[in-house]
Amino acid sequence: MTSLVKAFPVSLPFLRIPESSKHHFHVKVRSLDSGANSTSTGFSSDSVVVNGRSFTRGKDEVESLFDGGAVEQKEKSVAPLVDDGNERFMRLSSVREKNRGKGAISEDMDVLWDDGYGTKTVKDYLIASKDMIRPDGGPPRWFCPVECGEPLKDSPILLFLPGTDGVGLGLTLHHKALGKVFEVRCLHIPVYDRTPFQGLVKFVEDTLKLEHASAPNKPIYLVGDSFGGCLALAVAARNPQIDLVVVLVNPATSFARSQIQPLLPALEAMPNEFHSLVPYLLSGIMGNPLKMAMVGLEDRLPPRAKIEQLSGKLTSLLGYLSVLSEIIPKETLVWKLKLIQTGSSYANSRLHAVKAEVLLLASGQDSMLPSKNEAQRLKKGLQNCQVRYFKDNGHTLLLEEGLSLLTIIKGVGKYRRSRKVDFVRDYVPPSKSEFERKSTQTCRFMQAATGTVMLSTLQDGSIVKGLAGVPTQGPVLLVGYHMLMGIELQSLVGEYLKQKNILLRGIAHPAIFGGRFESSSSEFNFQDWIKVMGGVPVAASNFFKLLSSKSHVLLYPGGAREALHYKGEAHKLIWPEQQEFVRMAAKFGATIVPFGGVGEDDLVELVLDYKDLMNIPILNNYVRDIARSGPRVRDEAKGEVANQQLFIPGLLPKVPGRMYFLFGKPIETTGREDILRNREEAHQLYLQIKSDVQTNIDYLLKKREKDPYRSVFDRMVFRALYPSLQEVPTFDL
C-alpha cells in the first residue's frame, strides 16, 4: 500500500515544533485500496514541510528516536474524514507524553505577571493566517501555538474551535495568557478541506475522548467562536458524561435569523473576479474595525496622541483586509456558509442534551448574527448557562479591544483543574494588564476621589505612613471594619498591592459567587472583578486553605450586617459575640493585624436603609424576595449579624472627602497554645482585636479633622501646583 501524507507547513513561529515535543503529534493513515485493515503509523514531525522543503524519515528511523526505539504502537480512535469521496481516512491527533508535568513551571505565580495581552493585534492574526493557508492537501488537525509556552502543572486542556475562517488563530490576542494555565490546542481546517459537519464533530469528539481517558478527573474546555460554537454544542450534546466547560463566543446557532443567510445565493452566482471585493463589503459586519485597532492602544496617552496612534493603527489594519479573500476563497466561503447552516440546525436540535457548564459571550454590535437575542434564547434553553454581554463589540469579539478571555473565565468563576472549583488551589493571580485595566475602568475615579491615606503601626507602637508595620511574611490576617457597601475595597486592595506587591485574599459573601441574579445582558462587573482580584466565598474550608498557604487574608467579622448598616451606624463595629477566627489563626501561627478605616461619610450619604425600604410598598416585597433567595452565611441563632437581610440601600454621592486606613500593631499567635486549648483565652484575644480596631477608627476620625487636604478640591490644587510629587500630604502623625 502506498499512502501519501502531506504534513502541515511549520515555517511560522506559531507552529514551530520543539525538538522535545515532537511526539505530541501522531498521524494515522488508513487507506482502503489495500484492505480495510491496512494501516501505517508514523510521527508527523518526521514528515513536515519546513520553508518549502519536505523531510521524511523511514519507520525504522523514527522508532529509534523515541524511548530507545520503543514507540507506542497502540491504535488510537480515528475520526473518518471523507475527502471528495475518496475512502481515505486521515487524522492528526495530540498524544500526551508519558511524563506530562515534568518540566512544568511552579504552581506559584507572581502577582502582576505578564500575560502579553495587548502585544498582539488583529494585524498579527491576518499576517499569520496568510502564511498558514497555503494548500497542503491535509485534513483538519490540531496545533499548539508556541506563544502559549509551558502551562502550570495539572492545567486542564483547552480546545479552540474556530469560526468561519477555519484557520485556528482566533485566540492570537490571548495565546500567552491562556497558555499559562491551559494546555491550548487549536483546530485548523485547511482552506480546501471539505469535511462535512458530522465529520468535524467526530474528529473533535475523538480527541475529547482521548484526553478524557488520559485525565478523567480534569475538565476539558471547549472554546467555540461563531461556527465553532455550533461545533462545541454538538460535541457537548453527544458527550454528556464528560466534564466539559463550553465557552461560546457569538455562536452561529442563530444563523437562520442572520443577515448572511439570504446572501448565500448571491455569493454562489458572483463571478470569481469580484470575490476580492467581498472582504471590504463584509468588513462592516464581520467585526468592529475601531475596536480591533484599539487593541494595545496606550490608555494614558494625551487625547491628541491617542487619536494619532489610533488613526495609524486603523489605516494599517484596513490595508490587510484583502487577506480575507485569500483566507476564504469564494468556493470555500460558499462551502463554509452551507456548513454553518447544517451545524446550526444540528446544534439547535440537541440543546436539551447539553449537560456541560456553558459560558456565553455575546456582542451588542454584532451585525453578522443577532447575538444579543441569541444569548437570551440560549440562556433559557441550556441547563447551566452564564452570559457576559459586551455592548460595544462586534462579531469578532476575540480579536477586538476588550478583556482577555482568561480574565473573563476567571471573573465568572469558571477556571478549575478538577471536578469542582477550588478557590484557593485553582486561583490565578491578577496579571499586570488586569490590574491596570481594573485601575483604568473602576479605580481611577476612586483614586482621584478618595486620595487614600495608608498608615501602619510598628512593633514599638509608633505610627508611620505606608505599610512598613504590616508583616510581609504570611500567613497574615487583616481584621477590620467593613464600610458601607464595601466602598473601601477598591482603595484598600489596590493600595496594598501597589505598596507591598502582595495580593489580599478577601473573604466575601457567597452571593457574589452564585450568579443568582444574572441575566443575558449581564456585563463584566464589579462582582467579577472581586473574583479576579482574589475574593473567595466565606467558608471554614477556604479560610483554612488560605492560612495554610501563608496568604494575606482580609476578614470582616461584621460581614454584611456591617456593610449594610443603618442610619447613624457609620464607623460602628457590629461584630458577633463569639470569636470565629482567632483559634484558626493560632493554629497556623498567623499574625493578626487589626485595622480601622474611615471615609464613607465623606463619599456618600445613606438616605434609605433597610428599615426605610421595608416601609415602601412594592420595594419591600422585592427586598423580601432577595432575602429569601440569598444564601445564609452564619447560623441564624447567633443574633443580628447572622440574620442580616441583603438589600441595596439608597445612596446619594457627596463632594468627595478622603479615605484613611490605619493598621494597628501586629499580634503574633505563634506559640500561643493557650488560645488553642482555652476558649476563654481566645475570646479575650478576640475582644482585644475588636478594641484595637475601634481605637484605630477613633484615631482616624479625630486626626482627619486636621488634614489640610481632606477635600478633593484642595488635593486637585496641590497636584496642579506640584505635579512631580506622587503623594498628597496629610495630617501630622
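**First stop: a charged network**

Select D601, D602, R704, E705 and R710: salt bridges link these residues into a network. Keep in mind that you are looking at a predicted model.

Now zoom in on D602 and R710, whose side chains form a salt bridge at 2.7 Å, N to O. D602 sits in the loop between strand 19 (591-598) and strand 20 (604-608), and R710 in the loop between helix 24 (679-703) and helix 25 (712-721), so this pair ties together parts 108 residues apart in sequence. Both D602 and R710 are buried.

**Next: D707 and R658**

Stay in the loop between helix 24 and helix 25 and pick D707. The D707 side chain meets that of R658 in a salt bridge of 3.1 Å, N to O. Are these two buried or exposed? D707 is buried, because its relative accessible area is 7%, below the 20% cut-off. R658 counts as buried too, at 2%.

**Then: R416 and D243**

Jump to R416, in the loop between helix 13 (405-411) and helix 14 (432-450); its partner D243 lies 173 residues away, in the loop between helix 5 (227-238) and strand 10 (244-249). Their side chains meet in a salt bridge at 2.7 Å, N to O, and both residues are buried. The whole structure has 26 salt bridges.

Select K410, Y415, F423, D426 and Y427, which lie nearest the centre of the second largest cavity among its 13 lining residues. That cavity holds about 160 Å³. Its lining has six nonpolar, two polar and five charged residues.

Methods
Residues are numbered from 1 along each chain as its sequence is written. This is a predicted model: local features need pLDDT of at least 70, side-chain atom pairs count only at pLDDT 80 or more; totals for chains, interfaces and linings use all residues. Side-chain values use heavy atoms; hydrogens and water are left out. On a 1 Å grid over the protein atoms alone, a cavity is a set of points where a 1.4 Å probe fits but cannot get out, and a pocket is an open set with protein on both sides within 12 Å along at least five of seven lines; lining residues have an atom within 4 Å of a point. Grid points are joined across faces, edges and corners, and a volume is the space filled by probe spheres set on the points. Ala, Val, Leu, Ile, Met, Phe, Trp, Tyr, Cys and Pro count as nonpolar, Asp, Glu, Lys and Arg as charged, and the others, Gly among them, as polar. A salt bridge is a side-chain nitrogen of Lys or Arg within 4 Å of a carboxyl oxygen of Asp or Glu. Helices (H or I, at least four residues) and strands (E, at least two) are DSSP runs, numbered from the N terminus. Buried means under 20% relative accessible area, exposed over 50%, partly exposed in between (1.4 Å probe, protein chains only).
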